[in-house]
Amino acid sequence: MDEIRVLDETKGIGLPNFLPRSAFLVVLQKKVKEISKAPVNFIAEVWGYIETVVETVFMDHCEDYPPLQSATRRATQNLVAKMKRKSFDRVMETVEMEMLADYTCSPEYMSD
C-alpha cells in the first residue's frame with residue numbers, strides 16, 4: 001500500500017511502465033532502512049565466530065608454551081578487533097551510501 005501511495009503522490013508526465021525517480025527513491029530508502037540492521041548483525045556474528053576459531057587454534061598450538069599463551073591471546077584479540085572494525089566501517093559506509101541515493105556496489109548494475 002505504501003508503494004501505491006507513493007506512486008499516487010508522484011503522478012505526472014512520464015514514460016509508461018517506468019517508476020518516477022522520486023517514487024523509486026522513497027520506496028528504496030524505506031526498504032534499505034528496514035534491512036539496514038541485518039548486515040551489521042551478520043558482521044558481528046561472523047567476527048564472533050572467527051575470533052573463537054582463531055583463538056582456539058592458537059591456544060591449541062601454544063598449549064605446551066604457557067608463557068606465550070597470554071601474549072598470543074592478546075595479539076589475536078587485537079588483530080581480530082582491528083579487522084572487525086574495518087569490516088564494520090565498510091558495511092556501515094555501504095549502508096549509508098544506499099540510504100543517501102540510488103547508489104549500488106552491485107556489479108550487476110555497474111557499467112564497464
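How many salt bridges does the count come to by this rule? The count comes to 2 salt bridges, in a model that is predicted. The views below show these pairs and their surroundings.

**View 1. Salt bridge between Arg73 and Glu55.** The closest N and O atoms of Arg73 and Glu55 are 3.1 Å apart. Arg73 belongs to helix H4 and Glu55 to helix H3, so this pair ties together parts that lie 18 residues apart in sequence. Arg73 is partly exposed, at 34% relative accessibility, whereas Glu55 is among the buried residues of H3.

**View 2. Salt bridge between Arg90 and Glu93.** In this pair the closest N and O atoms are 3.0 Å apart. Residues three or four places apart in an α-helix point the same way, because the helix has 3.6 residues a turn. Arg90 is partly exposed, with a relative accessibility of 43%; Glu93 is also partly exposed, at 40%.

**View 3. Helix H3 and its cover.** Helix H3 runs over residues 37-61, 25 residues in total. From the first C-alpha to the last it reaches 37 Å, close to the 36 Å expected at 1.5 Å a residue. Ile43, Trp47, Glu55 and Met59 of H3 are buried, and what covers the buried residues of this helix includes helix H4 (66-100).

**View 4. Surroundings of Thr76.** Thr76 is found in helix H4. Its relative accessible area is 4%, under the 20% limit, and therefore Thr76 counts as buried. Leaving aside residues up to four places away in sequence, Thr76 touches Val54, Glu55 and Phe58. Of these contacts, Glu55 is also the salt-bridge partner of Arg73.

**View 5. The largest nonpolar core.** This core has 5 residues, namely Ile43, Trp47, Val80, Val91 and Val95. Helices H3 and H4 each supply at least two of the core residues, and the largest share, 3 residues, comes from H4. Val95 touches Val32, Ser36 and Pro39, when residues up to four places away in sequence are not counted.

View 6. Val53 lies in helix H3 and is partly exposed, with a relative accessible area of 34%.

Notes: Residues are numbered from 1 along each chain as its sequence is written. This is a predicted model: local features need pLDDT of at least 70, side-chain atom pairs count only at pLDDT 80 or more; totals for chains, interfaces and linings use all residues. Side-chain values use heavy atoms; hydrogens and water are left out. Helices (H or I, at least four residues) and strands (E, at least two) are DSSP runs, numbered from the N terminus. The expected span of a helix is 1.5 Å times one less than its number of residues. Buried means under 20% relative accessible area, exposed over 50%, partly exposed in between (1.4 Å probe, protein chains only). Contact means heavy atoms within 4.5 Å. A nonpolar core is a set of buried Ala, Val, Leu, Ile, Met, Phe, Trp, Tyr and Cys residues joined through side-chain atoms within 4.5 Å. A salt bridge is a side-chain nitrogen of Lys or Arg within 4 Å of a carboxyl oxygen of Asp or Glu.
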